[in-house]
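Hi everyone, thanks for coming.

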Number of protein chains: 2
Amino acid sequence: MNDNTPNAGLRGELATLCASVPPADTSAAAAARARLDRLTKPRGSLGQIEALLERLAGATGHVCPTIARPVVLLAAADHGVAAEGVSAYPREVTAQMVHNYLAGGAAINALAANAGARLVVLDAGVDADLPEGPDLPRLGIRRGSGNIAREPAMTDDEALRALLGGAARAGELADAGADLLALGEMGIGNTTPAAAITSAVTGAPPDYTVGRGTGIDDATLARKVAVVAAALARWRSVGAPADGVGLLAQLGGLEIATLAGATLGAAARRVPILLDGYITAAAALAAVALAPTVRDHLIAAHCSAEPGHAIALEHLGLSEAHGAGPLLRLGLRLGEGSGAALAIPLITGATRLMREMATFDEAGVAEG
Amino acid sequence: MNDNTPNAGLRGELATLCASVPPADTSAAAAARARLDRLTKPRGSLGQIEALLERLAGATGHVCPTIARPVVLLAAADHGVAAEGVSAYPREVTAQMVHNYLAGGAAINALAANAGARLVVLDAGVDADLPEGPDLPRLGIRRGSGNIAREPAMTDDEALRALLGGAARAGELADAGADLLALGEMGIGNTTPAAAITSAVTGAPPDYTVGRGTGIDDATLARKVAVVAAALARWRSVGAPADGVGLLAQLGGLEIATLAGATLGAAARRVPILLDGYITAAAALAAVALAPTVRDHLIAAHCSAEPGHAIALEHLGLSEAHGAGPLLRLGLRLGEGSGAALAIPLITGATRLMREMATFDEAGVAEG
């Protein structure tokens, strides 16, 4: 059926990458905390922004990191499971929206520009004849994933190649100066694999992890829950592989695997990763399954209207209880990296506070 | 005791200003709603950002408003009530922080720069010898307000002058091209008058409207509740004036009155007003008491850690239930306009979506 012969070379390469992801630099985080308490403001008065700055110091290893060259990496792919009628939109919209990104007419174009971020679109497996080129690099692994209700999304070998392809892309972006990697995605039907991965990793049942995506009706919602339940049953029937490769191959999608790899690649370079919505959180779940230290490099841009998103974020440690709650709660459910792009100015603003504010001593202000 | 002789000329001027504040342009708001549904994204998928865009269209009268020249107006003043020991900081910090703003070392300097906003600092009544000049215009009404626990904050005449002075300042900023007015304030002790105004307007008792401000302990918190209760008792003893002028004169402060006036002035010019924290919400309560149509021009940047802030915002109609909830919930309690500055990029980003996104027809994307 599937070519599941694991490629030992690729597996070794992935293991090396995973082992290279550092944990948080706790001394940088502590120094950031100490500096925050000397700046001319009441202690703790910047609330969650202060927690963010401690986290960024831990992730980057710099007390006052500079975030001046953010990049939105938008990976697009098609999903076999769209054939089950789980989306309000036809499958063709994936490719149509890629054209829209290239023409500059989508939400992410406006929001990335507003945030001063570079937008990089990647064809991770769209099932259409898209124009490959510098504006649209192609991963070239396969066109569209399998229908996870009935078959694996891809082979383990394909998942490995998508992971390493994504990591390589993140490495290239880091080489070019990217200091924040915001994740974005497009793929009609892709909240379904996101829900399947979230259920598989967290144990939450499908009726908790499945939501209305782009806006489906009650009947479609019930069908989507059944589809995710079928995918999970199939995953269990093959031994419920919980490592990142098995999860992605059985339940994922090509853009999800690519973004999981990009997450690993960025974390290995100490470039913080800014998650967008539910699908990017699912990619992060797979990355964390491969390298738990990835957690220390993640920032949640927002918590979306998809109910499973909060479940995934909680599992990633990206909640208020962990001092790492999502920066925005605006009921977004667009994807594309739109929520991440909206949050970028909060992050650049936070880092400017650390670099530019005077201390009580410097400014001659009484500490109270 | 107080010179409460109302100045008929100033009262007339204020009445004219209040009458000139237009209500929302409902046809522009409806056209914005219609355009949002034609843009290449699932309907409603930008959540609260879509509600914001409808609101901005109503406020400005433009379906696709441009917000490219935001201004943070930071009004500073001292408060007689600081003598009651309601703050963690000594009164001198008000002037020290004004020097910090002028030197560029405060949080608002970094955050306004990050947002591409001009920062305008106004001495609305600081009790110190500050250097008046182009960088620090002075209102010149009085140095510091009265202690509201024992006496009015100012006379009605002084409140009128502060209101009209703030409105004139907003008008000048609009003339210079400002297309969004973000409010900021500095004044040691000023969460106390904010709580008093919020209690007076909403009827919420002081133990609901008083919070820890910049970070006071339990004993100080209890004292602060008693101070607000005393101020309210005094306000009732003079007839509980509920008009904006009486509220501000009895319970306010000079920066609060100035910002209330700036709110009226901006609204009259259809320049949307972006509220920051609790003190700016109290200023808006006074402005709305004078001209209810002001409500349609307000945007809540955030909901702070101060418990009374949510009460004030609810009264202003700035809650999720009204489709106008605060954009951020980050546990901020700094003031200065810091939360407003953090929210500005969300607003500029939102307006770019309206102007720059393609419609389904334009992009050749299927509508689902």
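This is a predicted model: local features need pLDDT of at least 70, side-chain atom pairs count only at pLDDT 80 or more; totals for chains, interfaces and linings use all residues.

Residues are numbered from 1 along each chain as its sequence is written, chains are lettered from A and ligands numbered from 1 in the order in which they are written, and side-chain values use heavy atoms, leaving out hydrogens and water.

So, how many residues of chain A touch chain B? There are 51, and they contact 51 residues of chain B, with contact meaning heavy atoms within 4.5 Å. Between the chains, about 4100 Å² is buried, and carbon and sulfur atoms give 64% of that; buried area is the accessible area (1.4 Å probe) that two parts lose on being put together, summed over both. The salt bridge count between chain A and chain B is zero, where a salt bridge is a side-chain nitrogen of Lys or Arg within 4 Å of a carboxyl oxygen of Asp or Glu.

Now the helices, which are DSSP runs (H or I, at least four residues), numbered from the N terminus. Axes are lines fitted to C-alpha atoms over the stretch in contact, and angles run from 0 to 180 degrees between N-to-C directions.

In chain A, helix H11 (residues 254–268) and helix H12 (residues 278–290) pack at about 55°, with axes 8 Å apart. H11(A) and H12(A) are therefore oblique to each other, oblique being what is left once angles under 35 degrees count as roughly parallel, over 145 as roughly antiparallel and 65 to 115 as roughly perpendicular. On the H11(A) side, the contact includes A:Ile256 and A:Leu259, and H12(A) brings A:Ala282 and A:Ala283, among others. That contact has ten nonpolar, two polar and no charged residues. Here Ala, Val, Leu, Ile, Met, Phe, Trp, Tyr, Cys and Pro count as nonpolar, Asp, Glu, Lys and Arg as charged, and the others, Gly among them, as polar.

Next, helix H1 (residues 8–19) of chain A and helix H6 (residues 156–175) of chain A have axes within 10 Å, crossing at roughly 40°. The contact of H1(A) with H6(A) has seven nonpolar, no polar and five charged residues.

Finally, in chain B, the axes of H2 (residues 26–38) and H3 (residues 47–60) come within 7 Å and cross at roughly 145°. B:Arg33 of H2(B) and B:Glu50 of H3(B) are among the residues in that contact.

Conventions. Helices (H or I, at least four residues) and strands (E, at least two) are DSSP runs, numbered from the N terminus.
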